Amino acid sequence: MVAAASRKSVTKHRSSRDVQSTRSLRWDKKMSNNCAGALLVYTMMQIFFVLSFIETKGMSIAPYFGLVLLVAIIIPFCRKYEKRWETIADSGLTEQSVAARFRKDQIVLWTLALGLPFVFIAIIKAVGAVI
């Protein structure tokens, strides 16, 4: 009898937890995952596209320092987005308005992650043409 009552309370507790978890999304975690993915894609694009346009004679380590600098520039931006979404998730806004803000920030984040490497390539080419 005690075992049956215990199983009923465990089942009841699990079902209420499942309902609660489907009700609210973890927007801060979703943005954190987007930031991590965008940072990974940005870094890979820097390695494969930007470094191929930087011409050096001999074994210069300068392009790699440049790569570290370019990645270091984007990390605070991603961290700012993550911190912003920690506060937005708890702001009490409606789910629909939070979803709209999330989509806007997601588009900006991925546009920058995919576009900045090509901006750097254009800058490198422009500097190379001047020199």
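The largest nonpolar core of this predicted model has 21 residues. Met-31, Cys-35, Tyr-42, Trp-85 and Leu-109 have the most contacts inside this core. Helix 2, helix 3 (62-89) and helix 4 (95-130) each supply at least two of its residues. Helix 3 gives the most, with eight residues.

**Overall fold**

- The protein has four helices and zero strands.
- From the N terminus on, the order of elements is α-α-α-α.
- The protein has 131 residues, and 24% of them count as buried.
- Among contacts with a separation of 6 or more, 80% are between residues 24 or more positions apart.
- The accessible surface comes to about 9,500 Å². Carbon and sulfur atoms account for 66% of that surface.

**Cysteines**

- The structure holds zero disulfides.
- Cys-35 is in no disulfide, and the nearest cysteine sulfur, that of Cys-78, is 4.6 Å away.
- Cys-35 counts as buried because its relative accessibility is 2%, and the cut-off is under 20%.
- Cys-78 also counts as buried, at 7% relative accessibility.
- Leaving aside neighbours within four places in sequence, Cys-35 is in contact with Cys-78, Tyr-81, Glu-82 and Leu-109. Of these partners, Leu-109 is also listed with Cys-35 among the core residues with the most contacts.

**Salt bridges**

- The structure holds three salt bridges. Side chains of opposite charge can pair when their charged atoms come close.
- Arg-26 and Asp-28 meet through their side chains at 3.2 Å, N to O. Asp-28 is buried, with a relative accessible area of 16%.
- Glu-82 and Arg-79 form a salt bridge at 3.1 Å, N to O. These residues are three apart in helix 3, so about one helical turn separates them.
- Glu-82 counts as buried, at 18% relative accessibility. Arg-79 counts as partly exposed, at 36%. Glu-82 is also one of the contacts of Cys-35.
- Asp-105 and Arg-84 form a salt bridge at 2.2 Å, N to O. This pair links distant parts of the chain. Asp-105 is in helix 4 and Arg-84 is in helix 3, 21 residues apart.
- Asp-105 counts as buried, at 2% relative accessibility. Arg-84 counts as partly exposed, at 30%.

**Nonpolar surface patch**

- Leu-40, Met-44, Ile-47, Phe-48, Phe-49 and Phe-118 form a nonpolar patch on the surface. Together these residues have about 590 Å² of accessible area.
- Helix 2 provides the largest share of the patch, five residues.
- One patch member, Ile-47, lies in helix 2. Ile-47 is partly exposed because its relative accessible area is 32%, and that class runs between 20% and 50%.

- Gln-46 lies in helix 2 (residues 27-53).
- Gln-46 is buried, with a relative accessible area of 0%.
- Residues up to four places away in sequence aside, Gln-46 touches Leu-51, Leu-67, Leu-70, Pro-117 and Phe-120.
- Two of these contacts, Leu-67 and Leu-70, fall within helix 3 (62-89). Pro-117 and Phe-120 fall within helix 4 (95-130).

Technical notes:
Residues numbered from 1 in each chain as written. Predicted model: local features only at pLDDT ≥ 70, side-chain atom pairs only at ≥ 80, totals over all residues. Heavy atoms only, no water. Buried < 20%, exposed > 50% of the residue type's maximum accessible area, 1.4 Å probe, protein only. Contact = heavy atoms within 4.5 Å. Patch = residues over 30% accessible without salt bridge, like charges linked within 9 Å, V, L, I, M, F, W, Y side chains within 5 Å. Areas by Shrake-Rupley, 256 points an atom, 1.4 Å probe, with all protein chains shown as cover. Salt bridge = Lys/Arg side-chain N within 4 Å of Asp/Glu carboxyl O. Disulfide = S-S within 2.5 Å. Core = buried A, V, L, I, M, F, W, Y, C linked by side-chain atoms within 4.5 Å.
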